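Dear colleague,

Please find the structure below, handed over for your own work. My findings follow directly after it.

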2 protein chains.
Amino acid sequence: MKIGILTIGNELTSGKTQDRNSSFIARNLYRLGWQILAMLSVGDDDAAIKDGLAFLMERAEGIIVTGGLGPTTDDITTSAIARAFDLPLVTDEAALQNIKERMAGYNLIWTDNNAKQALFPAGAAKIVNRAGTAWGFSLKRNGKIIVVMPGVPSEAEKMLLGEVIPLFRRELADTTEVATRIIKLTCISESAVDQALAAAPFAELGVTVGFYPRFPELEVVLTARDTSQDKALQKISLAEAEVVKKLAQHIFGYDQETLEGVVAALLSSRKLTLALAESCTGGLIADRLTDVPGSSALLERGLVTYSDVSKEELLLVPPAIIRQYGAVSRETAILMAEGVRKTARTDLGLSVTGIAGPDGATAGKPVGTVFIALADGTKTLCRPFSFPWDRRGIKVMSSQWALIMLKNYVTGD
Amino acid sequence: MKIGILTIGNELTSGKTQDRNSSFIARNLYRLGWQILAMLSVGDDDAAIKDGLAFLMERAEGIIVTGGLGPTTDDITTSAIARAFDLPLVTDEAALQNIKERMAGYNLIWTDNNAKQALFPAGAAKIVNRAGTAWGFSLKRNGKIIVVMPGVPSEAEKMLLGEVIPLFRRELADTTEVATRIIKLTCISESAVDQALAAAPFAELGVTVGFYPRFPELEVVLTARDTSQDKALQKISLAEAEVVKKLAQHIFGYDQETLEGVVAALLSSRKLTLALAESCTGGLIADRLTDVPGSSALLERGLVTYSDVSKEELLLVPPAIIRQYGAVSRETAILMAEGVRKTARTDLGLSVTGIAGPDGATAGKPVGTVFIALADGTKTLCRPFSFPWDRRGIKVMSSQWALIMLKNYVTGD
């Protein structure tokens, strides 16, 4: 199916807000094997909307519009589309009632401009908004489907996945079931993933594969169709096994999972407690782990030991070791991990020390030199790294590897 | 001037990459008072490029194209545009030489497909790329200007500001000078800023004003034109004074400055050292401050004291205080700030304790309750907050307020 996307709003054409909807819609339709012909943004302007709609109507079979469905005077999408197709606007009583109830639920005072959100072009089919008051609608004109959704990304995303894609599939009389799985990897380049999977029999399995790099991570997205969800999922499982076979140690999660969420869940499930000693990551690992609700049960403390004195006082690293090997060294990293574990009386101690730059490089230790150590009271694992990125990139990749080392420790990978 | 933007790339229409260029271009042209008619994205496809170009040529006076200027076979923008205007492609020897030299400088091996990047439509004016090998070019057809830039955002942004905007202004015979200043605010809503500045005489001063919310910050952008840069800057200064008069305590910086960078520079200039005791922010303040190069000189240590025990051991908070008032209380916050200052022997101690949710609320202390304290050895300032956001939002706004309190402490605001 050929799709055109039209996003509407002065906040887009003034550069005030970046359009997130087009990319989200494109990604989710592309996975289904549909083609995005054009993504067009115009302002809240009657003529521009009509013009943009005409451009897409000439070329696409389905058109998805977002934005301009709110109650204020600059929200003109519904009336502009009605005018473009010469349709009157009609109040939908059920929608009006729903909007009133939803506003009362939010303790918002009803003002008459909200009634605008219950107006739809005659003949349009309403599309429920499960996350807000701006309902969407769909129209069929000249054999083409036009779908209109609100501009707020959280509302548009829910409506696209929950209502609009099923609607298009009904219109296409597409009764196949589609299954998708996102496999999340990290600490590996796109070209290495490409190479590792080059010989995998995805086509024979009837599964399409897409790579989506999102530094510092990478998503491998598998999509399959079949006559039932079970059969489509079966194809996905076979394809997933191929990916796992080649790239197991780089996979940290699936679908909506985050690396910090996976690590926190693994530690919790084994009832393992953790203490952190961060130097060059400066608290980023603690920040990420504490983004996970309930992480207070596993993260006993995190120490950002930026100074040598703090490494000595809080982590019990002997000054002689720092003098002899340097604060950025395998020896110091190991003692930091062991020291924080001991003083915090946790199961695990994890440390990071490195040179994030731009200053601080010494002979034999360029910017990007990082040591990460993990102590469990029996043994201490330490890995050296040499990262090519800038200060923030080095911090981010160091936190990424630290979390991967924790994950692999628990899973035994 | 009426502008159309055309971004080209299969990575855009497949949703693999989000288009950042359109928004950046729009923002910078809008500030000059130019109008963005449409922002259109199409794939690396000859017919789609021609079609999109025709749509914009009919409507705009100037067209800015980005993407598809690389050396690989899917980069077809130059040839598609040449074909669209019936122009032959010609190799530019100077550009060829420059590309060869730049690649040698990067230690990259020359392959013949790179010569493609020295091909331009006959009659096009080259536009230098100061950040990469893909040069841009401009054409005049039917009285309209078409500018083509590379798709890599860092290269496109540099080329837009350094070459393309001056080129358009020359074509418009616009000899006025334009001055812009970005005033950065935080911990205030867009509507409060709008209200505070409603009566300011910007129009009389000949200055246009735009608001750009970027949670948790907000930019007020002032733009002025005059016959010289000095005169334009003079207008900006008068307008800026109006903003400062109304909103001084919310302003933290200008143009490219970050809040953490401003705070680090202020502390450094006064030779003040800092120690942090973070509970609900979980290391985010330390992470932000350590993003600033050289921050190791001022941040002696940062302690993420998530557990009560760590507050007692590391910050010397008496267990009786935590029992009586709770870990999230004014009393505990103050003792945390004083404790970390004392044990780290720094000039300042800053603490944050709060309930980031979703769990952890108690009677009288709902999710979003946060206390931030700042101790200097003489007095300890403590501010209570009640934030409405989710877990990440509460962490981010707490870090924002903590940094603002540090800034205001040093500047005396």
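Leu303(A) stands opposite Leu303(B), the latter lying in strand 14 of chain B. This pair belongs to the topic of strand 14 (residues 299-304) of chain A, which is joined to strand 14 of chain B by three bridges, the two strands running antiparallel. Please note that the model is a predicted one.

The contact between the chains involves 46 residues of chain B and 46 residues of chain A. On the side of chain B that touches chain A, at least two residues each come from helix 1 (10-13), helix 2 (21-30), strand 2 (35-42), helix 3 (46-59), helix 11 (284-289), strand 14 (299-304) and helix 15 (391-411) of chain B. Strand 2 of chain B gives the most to this side, namely seven residues. Sorted by class, the side of chain B that touches chain A comprises 21 nonpolar, 16 polar and nine charged residues.

I also examined strand 15 of chain B. Seven of the seven residues of this strand (residues 348-354) are buried, so strand 15 of chain B is largely enclosed by the rest of the structure. Leu348(B), Leu350(B), Val352(B) and Gly354(B) point one way from the strand, while Gly349(B), Ser351(B) and Thr353(B) point the other way.

Strand 15 of chain B has the following partners. Strand 13 (residues 274-278) of chain B runs parallel to strand 15 of chain B and is joined to it by five bridges; here Leu276(B) stands opposite Leu350(B). Strand 16 (residues 369-375) of chain B pairs with strand 15 of chain B in the antiparallel sense over six bridges, and Val370(B) in strand 16 is the bridge partner of Gly354(B).

Yours sincerely

Definitions and conventions: Residues are numbered from 1 along each chain as its sequence is written. Chains are lettered from A and ligands numbered from 1 in the order in which they are written. This is a predicted model: local features need pLDDT of at least 70, side-chain atom pairs count only at pLDDT 80 or more; totals for chains, interfaces and linings use all residues. Two residues are in contact if their C-beta atoms, placed from the backbone, lie within 7 Å. Helices (H or I, at least four residues) and strands (E, at least two) are DSSP runs, numbered from the N terminus. Ala, Val, Leu, Ile, Met, Phe, Trp, Tyr, Cys and Pro count as nonpolar, Asp, Glu, Lys and Arg as charged, and the others, Gly among them, as polar. Two strands pair if DSSP finds at least two bridges between them. A residue is buried if 20 or more other C-beta atoms lie within 10 Å of its own, exposed if 12 or fewer, and partly exposed in between; C-beta atoms are placed from the backbone.
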